[in-house]
Amino acid sequence: MIAMKGRLYTVIGLATCVAFFYMCFGDFEFHPPQPKMRFVERNGTQLFLDGRPFYVNGWNSYWLMDQAVDEFSRPRVRTVFKAASRVGLTVCRTWAFNDGTYHALQVSPGQFDERVFKALDLVIVEAGKNGIRLLLSLVNNLEAYGGKNQYVKWAWEEGVGLSSANDSFFFDPSIRIYFKTYLKTILTRKNHITGIEYKDDPTIFAWELINEPHCMTDPTGDTLQEWIEEMAGYLKSIDKKHLLTVGHEGFYGPSSPVKNRSVNPSEWESTLGADFIRNSKIPTIDFASIHFYPDQWMPGQPFSEKIKFVSKWMDSHIDDGDKDLRKPIMLTEFGLSNLNKDFNHSQREPFYEAIFNIFYKSAKAGRAGAGTFLWQLLVGGMEEYNDDFGIVAWESPSLYGVIKDQSCRLAEVRFGESWARSLSELNC
């Protein structure tokens with residue numbers, strides 16, 4: 001009886017300790033040690049990891065930080081990482097910004113919401129737990145999630161802005177100071193879970209300066225060029241370990257040869273103040289990014305013409321990477337809209353395959369095409385975050401298979417005879 005009481009007291013004592021620990025550290029989450037990640041590096045037109053060429057089969061889920069803020073939506077982050085990992089996706093592109101809107105990370109210039117920062121910390125940790133790296137975008141050219149327009153509003157409201165025009169984001173000295181403050185805060189952020197500063201965390205694959213930059217008030221491209229040079233140099237002065245890209249769509253500007261400009265969907269794209277080759281040549285930019293949305297760029301064209309344009313667009317930019325830029329080329333967004341009159345879901349498979357085939361052949365030949373990021377993956381119950389390009393891939397077995405096949409092919413190129421051991425869970 002005494003022994004039984006002793007065991008009972010022991011159990012009660014342990015339970016009391018657990019309860020006390022939970023009450024004191026209720027927000028604490030235990031994350032077991034993970035295999036050590038290393039930084040992805042660049043050598044010429046190739047990316048390397050652990051001494052081998054590294055090719056990306058990636059995706060976009062811009063909403064990760066937003067969904068990690070509240071407890072009820074946090075499981076969506078874990079779900080998408082686990083599902084992506086199961087088909088061999090290796091890098092996720094997502095927003096590391098939210099300026100002045102709901103769930104804002106930066107609520108006003110230089111003022112940050114710690115609760116949202118902790119959400120971004122969690123996104124990084126969850127990615128690492130699933131062997132996923134992150135391409136983190138730092139500001140939006142568009143208004144969604146604040147964007148450059150919010151910085152202009154802040155400066156104008158504080159009485160220090162030179163202009164209320166959106167493009168003053170690129171040339172206003174006060175706004176440049178705002179953005180540099182944000183960059184320094186992000187880069188030196190110490191993850192509250194791991195204790196690692198972002199600039200020292202290899203889970204972060206690369207930084208992206210701005211999503212789809214345009215400066216239409218200066219079609220020469222000089223204003224945007226100067227901004228990229230200044231901000232890329234500043235970022236690299238703090239963080240020399242991570243790769244950096246601009247966030248370009250790939251449109252050729254006025255400084256590009258006529259043969260390149262003819263690849264643009266129309267003459268209008270050369271007047272946006274962005275200049276793919278010129279902007280990407282900046283020494284502090286490690287790889288060039290492009291996007292691909294034939295539905296928006298070629299409205300009214302049949303699906304067959306959009307498939308033809310795949311080769312024209314990709315081949316031109318991969319050729320730029322090989323011969324002119326001497327840098328890797330990443331397709332960081334692509335998608336096929338479900339709003340087309342002639343759309344049916346079966347079209348997405350040949351569309352994805354056409355893109356994947358080009359980048360697979362590039363990898364096999366050791367050329368500059370370094371990877372792709374489809375737009376966008378979601379999980380169930382996220383209709384408000386969806387658009388006409390979003391997919392829940394694991395609800396479409398055939399499309400799921402296309403994505404998985406690309407992971408297997410790229411792994412075979414990278415690992416050679418040992419590739420099967422590297423992706424044994426995929427059953428390639």
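Reply: Let's start with the term itself: a salt bridge is a side-chain nitrogen of Lys or Arg within 4 Å of a carboxyl oxygen of Asp or Glu. E197, K199, D200 and K241 are linked in a network of such bridges.

Before we go on, a word on the ground rules. This is a predicted model, where local features need pLDDT of at least 70 and side-chain atom pairs count only at pLDDT 80 or more, while totals for chains, interfaces and linings use all residues. Residues are numbered from 1 along each chain as its sequence is written, and side-chain values use heavy atoms, with hydrogens and water left out.

One of its links is the salt bridge of D200 with K241, where the closest N and O atoms are 2.9 Å apart. D200 sits in the loop between helix 7 (173-187) and strand 9 (204-208), and K241 in the loop between helix 8 (222-238) and strand 10 (243-245), so this pair ties together parts that are 41 residues apart in sequence. (Helices, H or I with at least four residues, and strands, E with at least two, are DSSP runs numbered from the N terminus.) Buried or exposed? For that, buried means under 20% relative accessible area, exposed means over 50%, and partly exposed is in between, using a 1.4 Å probe and protein chains only. D200 has 27% relative accessibility, which means it counts as partly exposed. K241, with a relative accessible area of 43%, is partly exposed as well.

R367 pairs with D322, and their closest N and O atoms are 2.6 Å apart. This pair links distant parts of the chain: R367 is in the loop between helix 13 (348-364) and strand 13 (369-375), whereas D322 is in helix 12 (residues 303-325), 45 residues apart. R367 is partly exposed because its relative accessibility is 31%, while D322, at 14%, is buried.

Then there is K129 with E126, whose closest N and O atoms are 3.5 Å apart. Why are these two about one helical turn from each other? They lie 3 residues apart in helix 4, and that is why about one turn separates them. K129 has 31% relative accessibility and is therefore partly exposed; E126 has a relative accessible area of 2% and is therefore buried.

Helix 3 (residues 75-86) packs against helix 4 (residues 114-129) at an angle of about 30 degrees, with axes 9 Å apart. That angle makes helix 3 roughly parallel to helix 4. Here axes are lines fitted to C-alpha atoms, for helices over the stretch in contact, and angles run from 0 to 180 degrees between N-to-C directions; under 35 degrees counts as roughly parallel, over 145 as roughly antiparallel, 65 to 115 as roughly perpendicular and the rest as oblique. V77, R78 and F81 of helix 3 make the contact with V123, E126 and A127 of helix 4, where contact means heavy atoms within 4.5 Å. Sorted by class, that contact of helix 3 with helix 4 has 4 nonpolar, no polar and 2 charged residues. (Ala, Val, Leu, Ile, Met, Phe, Trp, Tyr, Cys and Pro count as nonpolar, Asp, Glu, Lys and Arg as charged, and the others, Gly among them, as polar.)

To zoom out, the chain has 15 helices and 13 strands, and 55% of its 428 residues count as buried. Among contacts between residues at least 6 apart in sequence, 73% join residues at least 24 apart.
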